[in-house]
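This report covers two interfaces, one inside a chain and one between chains. The model comes first.

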Amino acid sequence: MTFISIEFLIFFTVIVFAYYLIPHRWRWVLLLAASYSFYASLSSYFVLLLLLSTAFSYSTGIMIEKQETKEQKKKVMLAGICVLLFFLGWFKYFNFVNDSIRAISAYMDWNYAIPYQEIVLPLAISFYTFQAVSYLVDIYRGKQKAERHYGYFSIYFAFFPQLVAGPIERAKKLLPQFKVEQTLKYENLSYGMKRIAWGFFKKTLIADRLAPIVASVYDSPDPTGSQIVLATVLFSIQLYADFSALSDIAIGCARMLGIKLTENFKQPHLAVSIADFWSRWHITLSAWLRDYIFVPLCKGRKKRSEIYLVIIITFLISGIWHGAAWSFVLWGLIHGFYRVFGDHTKHVRGKMATFTQLDRSPTLHKWMKIATTFLLVCFSRVFFRSDSVTAAFENAQLFLTPSSWRPSGIIEAFELFSLLDLVIFTFFFVIVQLFHYIERKNASTWNWLSQRPAFARYAVYVLLIVSILVFGASGQGFVYGGF
Amino acid sequence: MMKNIEKYRNAFMDALELEEDEVSEDLALGETSEWDSLGHMILISTMEDVFDVSLDSEWMTEFDSYQSGMQLLNRLGVDFVNE
């Protein structure tokens with residue numbers, strides 16, 4: 001039962017009805033049963049691991065709080081984190097490390113006998129492990145009290161709308177919302193349904209329509225340079241539509257239950273720098289990395305060069321978190337390099353903008369920065385999308401070859417689309433851009449829409465639903481659902 | 001012995017590599033090229049060392065100007081008035 005399915009919509013409708021019909025004191029039981037059922041429907045094999053991780057984090061949190069000295073608390077916290085990371089490491093990184101050692105051993109002519117192991121990655125382990133780590137660290141830091149109610153804690157760990165791919169939430173934000181009696185509010189139901197519909201729209205009309213086209217190039221043994229350029233730009237659009245749709249559905253479902261989750265995206269492809277990009281893309285992961293990796297590692301650093309090293313380490317961890325492959329490691333390092341290079345050259349770039357009088361045209365300057373940032377992000381995504389390091393370097397070389405960018409070649413590459421697919425994609429892509437434009441001019445497109453006449457509002461809602469039903473493509477999993 | 005306000009100003013000069021006349025009460029995060037997000041991390045590390053305090057992520061966000069930094073440190077026990 002994935003988010004994009006009739007089964008999920010029926011399941012969720014039943015949960016919403018039941019949630020508001022039963023007394024508040026029993027709602028945690030319902031949410032917990034719903035969360036475990038949802039997880040079991042996707043990955044029944046690993047429910048036990050989810051239960052074990054929950055119990056372990058719950059008891060470790062209480063143990064940290066019970067310690068008398070800061071030093072003792074720290075020891076328990078670190079031990080707890082090590083155990084959680086051991087599970088993550090075993091399931092997600094064992095073969096990555098094992099394969100890497102085997103490759104080095106073969107190169108060095110060493111004898112290394114541990115073969116490849118058939119290890120299945122438990123669904124959502126990267127997401128719930130990060131939530132658990134933040135919970136333990138916050139207790140150690142005195143920002144969070146250890147939760148004593150096992151039921152509420154378990155929902156925090158496994159809340160089904162955000163379990164599979166975030167947003168990565170902090171206990172401080174979620175737990176109090178579960179404990180407060182949420183009353184049935186029209187605004188919550190209405191907003192939640194719109195967000196879910198918008199998520200379905202982006203997923204089925206943008207992401208899943210682009211996925212086979214992108215795959216046809218990246219899976220091809222001999223793509224042309226222009227095809228790689230076009231497919232990489234399309235992959236960026238696909239990835240954004242895919243992941244932001246997942247967040248929309250999570251936020252929408254939670255809101256229908258009265259729970260407010262953290263926004264995960266703020267139009268990231270309009271970022272004016274790499275730093276800006278990471279404040280708009282997967283915001284909850286960026287905030288997590290900032291609070292639990294970057295800031296602690298920055299303690300005591302008083303030189304920019306030292307902070308640069310911390311940036312590289314943080315992006316390296318971000319890359320490894322995304323996937324157990326060297327291509328993800330490289331992807332993380334590329335972003336670290338971008339961030340450091342951007343900071344190191346900012347004075348020079350400022351002078352160049354003055355010299356070329358670009359800074360006298362702020363709008364043009366801004367759009368040039370947006371285009372540059374987008375292309376840099378696209379280049380990094382060659383590594384994100386490629387199946388191996390070798391393929392990534394080949395594709396990157398094609399991406400960087402000037403002839404790959406010839407307009408005639410790019411136009412030719414559009415033959416990847418059938419005419420009908422191109423028209424459908426263009427139409428819905430324009431709608432998404434229109435939505436974003438209204439969002440930039442107003443705080444919220446949905447609020448803006450709610451102030452329009454009833455016939456205009458309903459015309460939009462009907463357009464959304466009919467478009468999904470008639471033109472929606474499905475069957476592709478969520479990219480971030482695999483992390 | 002150096003007063004806290006002098007230590008505070010010196011911390012800005014050291015961390016952000018500013019001249020004395022560049023450290024004013026109007027100074028704010030993001031309004032000079034020196035006090036950017038990375039300069040902020042260096043400034044926080046310097047303040048922690050100088051005043052022997054620990055600033056977590058939330059306080060780091062709150063410390064977004066010369067004035068707010070003084071108010072924050074004041075709450076953490078650094079006295080800028082009666083010393």
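## Contact between chain A and chain B

Across the interface of chain A and chain B, eight residue pairs are in polar contact, both residues at pLDDT 80 or more. A polar contact is a pair of N or O atoms within 3.5 Å; within protein, one must be able to donate a hydrogen and the other to accept it, and residues adjacent in sequence count only if both atoms are side-chain atoms. On the chain A side, α12 (283–298), α13 (304–322), α14 (326–344) and α15 (346–355) each supply at least two residues that touch chain B; helices are DSSP runs (H or I, at least four residues), numbered from the N terminus. That side has six nonpolar, two polar and eleven charged residues. Here Ala, Val, Leu, Ile, Met, Phe, Trp, Tyr, Cys and Pro count as nonpolar, Asp, Glu, Lys and Arg as charged, and the others, Gly among them, as polar.

Between chain A and chain B there are four salt bridges, a salt bridge being a side-chain nitrogen of Lys or Arg within 4 Å of a carboxyl oxygen of Asp or Glu. A:Lys346 forms a salt bridge with B:Asp36, with the closest N and O atoms 2.2 Å apart.

## Basis of the values

This is a predicted model, in which local features need pLDDT of at least 70 and side-chain atom pairs count only at pLDDT 80 or more, while totals for chains, interfaces and linings use all residues. Side-chain values use heavy atoms, without hydrogens and water; residues are numbered from 1 along each chain as its sequence is written, and chains are lettered from A and ligands numbered from 1 in the order in which they are written.

Chain A is divided into domain 1 (6–184) and domain 2 (188–482), with bounds from an automatic or database domain assignment. Domain 1 and domain 2 of chain A bury about 3,200 Å² between them, 68% of it on carbon and sulfur atoms. In domain 1, A:Phe96, A:Phe130 and A:Pro167 lose the most area to domain 2, together 19% of what that side buries.

Across this domain interface there is one salt bridge. The side chains of A:Arg170 and A:Asp291 meet in a salt bridge at 3.0 Å, N to O. The side of domain 1 that touches domain 2 has 26 nonpolar, seven polar and six charged residues.

Definitions and conventions
Buried area is the accessible area (1.4 Å probe) that two parts lose on being put together, summed over both.
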